[in-house]
Amino acid sequence: MSESRLGVLKTYKLFVGGKFPRSESGRVYEVTDAKGNWLANAPLASRKDARDAVVAARKAFGGWSGATAYNRGQILYRIAEMLEGRREQFVREVAEGEGLSKSKAAAVVDAAVDRWVWYAGWTDKIGQIAGAANPVAGPYFNLSTTEPTGVVAVLAPQDSSFLGLVSVLAPVIATGNTAVVVTSQKSPLPALSLGEVLATSDLPGGVVNVLSGKAAEIGPHLAAHSDVNAIDLTGADAELATALETAAAENLKRVLRPRDEDWSAEPGTDRLLAFLETKTVWHPIGV
Amino acid sequence: MAFEYAPAPESRSVVDIAPSYGLFIDGEFRPAEDGKVFKTVSPSSEEVLSEVAQAGQSDVDAAVRAARKAFEKWSALPGSERAKYLFRIARIIQERSRELAVLESLDNGKPIRESRDADLPLVAAHFFYYAGWADKLGHAGFGADPKPLGVAGQVIPWNFPLLMLAWKIAPALACGNTVVLKPAETTPLSALFFADICRQAGLPKGVVNILTGDGSTGAALVAHPDVNKVAFTGSTEVGKAIARTVAGTGKKLTLELGGKAANIVFEDAPIDQAVEGIVNGIFFNQGHVCCAGSRLLVQESVQDELLEALKRRMSTLRVGDPLDKNTDIGAINSAEQLARIKSLADSGEAEGAQRWAPACELPSTGYWFAPTLFTGVSQAHRIAREEIFGPVLSVLTFRTPAEAVEKANNTPYGLSAGIWTEKGSRILWMADKLRAGVVWANTFNKFDPTSPFGGYKESGFGREGGRHGLEAYLNV
Amino acid sequence: MQTPGPITPAYSPQAAERLASMADVTASDAALRRFLHGLPGVDAVGLEGRAATLGTRSIKTTAKAYAIDLAISMIDLTTLEGADTPGKVRALCAKGVNPDPTDRTTPKVAAICVYPDMVKTAKEALDGSGIHVASVATAFPAGRAALPVKLADTADAVAAGADEIDMVIDRGAFLSGRYMQVFEEIKAVKAACARPDGSAAHLKVIFENGELATYDNIRRVSWLSMLAGADFIKTSTGKVAVNATPPNTLLMLEAVRDFRDATGVQVGVKPAGGIRTTKDAIKYLVMVNETLGEQWLTPDWFRFGASSLLNDLLMQRQKLSTGRYSGPDYVTVD
């Protein structure tokens, strides 16, 4: 490449309903690297963007939750395949956004790819772990199965802008929920680029919606939204988390509280189980 | 003019079969040490497809040695890395599924519609499913950190060559074992193509070893002292011999053996779908299915109506070239199997059952048997008791649910059963009483990698598929 | 295939005598209900599986050429728009007579299907062509009108020259269990199809499968309609979200087969709505072939209610004869 060539910069956009809109508010904010150098202008999503994202997530819920677990697993694995192919881009964005060395950033991206693979394998197994045939004392067949909760609002971690994001997002959609994610405020670019990966991974539009901006601005609208069924508060500070949990009580959202996280550790099943309902079916047995 | 379907042959050129194949040991193809070979033929044309090596004792030794050597590193890999190898294999199978489907139809004789729409999708799904378990074994209910067994010696049948390979290899590898697998004598090719898939996936040498050969190869493999686990799918007779061989050795054993499944139709059944289920139950894969619904138990009050509908439906079955996309019933896998089917069918007539088959023209070369129905069959007849493993249905009747259960269970086998009724509580009552490992209600011959499969009684023990399928390959 | 005794077409005078043998089941509301509810159930997964399997049949070369011409000859070429004009209807008739102006060996369609007020125009445009005029009637598509209005609608279309009447059943009455009302209404419309010379327009009974919602309902209404004298049973109006599908049509084919076995009366089947491609049409012909057999593979007993299907069939026909893929510029837009 000639040294004099001027690079083409990417316009980062939101990812809502399978499309890439700018914020309806027309606002952007400056994203910088750890040293304060300008990287990009990210959309500053508004409450109306959040509203649109919830509509998109709800619309996608029927199809996604009704897809076979096998099909969901194939798609999550496809996400890993697509992400692997764009590894260099994500390494750069993570290194710049989180101030990591290239090799550390590479390890983070690799772990994020592997995390998609981990959850791809869970789609058709979590029900086998969490469900049960119950030996009730009577002539009844009694079977408990898991079902997704619905639309889940996710406040992604502020520090781990990519591995953390994937770690909270993948379990939500693995089980058939749809998601509205608010990215790390400081480092939103990997999350916005992830939208481009999701859009080319056979994932139906609206299953994941990515909003960049302030958790403190958008969070309250999501927490209070009556058509949101659950909220993951990982990216909220203690004060915001309490406020949002309080707001979430209005329609009894399932709430996952923030806690200490080691994103490099094996995730376990907690985050899968957090957004699952259990349905028990009774049926008589007799000639 | 009638609506006659023109030939719609799947292209043979999508698969390139070499004139000869060696044994796949330690990541390489090599001839048998004593140089012995045998031919594999296409049962629909009797054409020789290829010549493959006949593994002897020293080849078995070499393969087990290779597997033992590979076990150390393979079992020590993080589960997430083993998972990724298996995901790769699943994807490559998906990519090459058309080629493999044609190969399977050529070597086995099954219709391309089945190898394309049933076998291959299930093969890929099975690898995909167990890939996901490789890094989740601690969540499977067998303790926090269950360990693999070591080297698995696996012997599979000819009815679903690649699918049975998947059922054996996928869980074994996911759990951290290495394998030596022997495909059936009449259908070795897809396993040898699978060896090439292992190469494409970059699977470490020695993790999968494929030994072609006959029964003696299988016997040597299961008897090998350095094999830790034996898995066999095939006849009950051979299964019993294997059980005797491994007795006292400490080898873990799972057996998937014969069956004589009852497909039970009540008077309130959804009749058109029941007819489809009966047809699918016994004529799928030429009836070469251990869980085939080979005994139709029909409630006397709907017997006439059902049999009339069944015969009408059987008359539309298309028997012929396995590579024709419109073929419903392909070739019988071997001359030997054809002779067995003929002899049992003849015994049916000799013992007084009434034989019926639709008018159907069979090709002049190859091994063929028309879809056949016997009525007036009683529990004492050989065709009601012995596994025919062919497209032959024995029809018996019953009057009450209890009688249906009694007759269904009156067999040494216990692999599968079918129930057809619109009444939910009766389905569950019947399912409760039937002594069979898989019970299908208002459907038949359905398989899924998440669903455990395996038999009661002389149909074997152990389960393949699902979370349960892990147990056979873990030290628990 | 089993060969039941002599088969009587539903529109022949003998059919009524055959149906008389079933009079006991239509003798009262209660008897009719017992009969319909006593029909074997339909397992949805199994039915859909069977239709999907038949959909995998691969129809090539000579079989495809045969199927395409057969499908063209079975089309009820349809225009049912509020914006229909005599000009539009005449253009459609011209297309039906001569579907492919570049190839005169192309068969003509079976019928032109229009609203009642367009029957006269269509009849004149098709004079001498042998193509039938089918008219929807009975307050199509909703069927929400009083019975006298529906009968007048029918009589009007017949008087204007309609060869065939496509009536809609009262889905509301059916869903609320008033089976006898639906039955009597079909009988009354059938009577209104009679012409002064003693002949009668053929009656197709439209179920609107999409509104009946369950396969059990579709089997019941098939029997109800055939018992009431339907000459044809038809899936849908084309005006709701779910129209003809392979499974719901397969179910109706099975009902027709069972009805023939029970009564010896032959009834036709017409899937309508949503069949747009040659591939789709051939799937339906395969279902007819393997469920009912050759006897139904004629325009007398099987029809496609369609409009855009014809052009796709013509393009595929051109492909077969020239070896080149055709394009929409090489078929007419009427």
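Me: What should I know before reading residue names and values?
Reply: Residues are numbered from 1 along each chain as its sequence is written, and chains are lettered from A in the order in which they are written. The model is predicted, so local features need pLDDT of at least 70 and side-chain atom pairs count only at pLDDT 80 or more, while totals for chains, interfaces and linings use all residues; side-chain values use heavy atoms, without hydrogens and water.

Me: How many residues of chain A are in contact with chain B?
Reply: 24 residues of chain A are in contact with 27 residues of chain B, contact being heavy atoms within 4.5 Å.

Me: How many salt bridges does the rule find across that interface?
Reply: Two. A salt bridge is a side-chain nitrogen of Lys or Arg within 4 Å of a carboxyl oxygen of Asp or Glu. B:Lys84 forms one with A:Asp114, with the closest N and O atoms 2.9 Å apart.

Me: Other topic. Which residue forms a salt bridge with B:Asp328?
Reply: B:Arg113, with the closest N and O atoms 2.9 Å apart.

Me: Are those two buried or exposed?
Reply: Both B:Asp328 and B:Arg113 are buried. Buried means under 20% relative accessible area, exposed over 50%, and partly exposed in between (1.4 Å probe, protein chains only).

Me: And what about A:Glu261?
Reply: A:Glu261 forms a salt bridge with A:Arg271, the closest N and O atoms being 2.7 Å apart. A:Glu261 is partly exposed, at 28% relative accessible area, whereas A:Arg271 is buried, at 5%.
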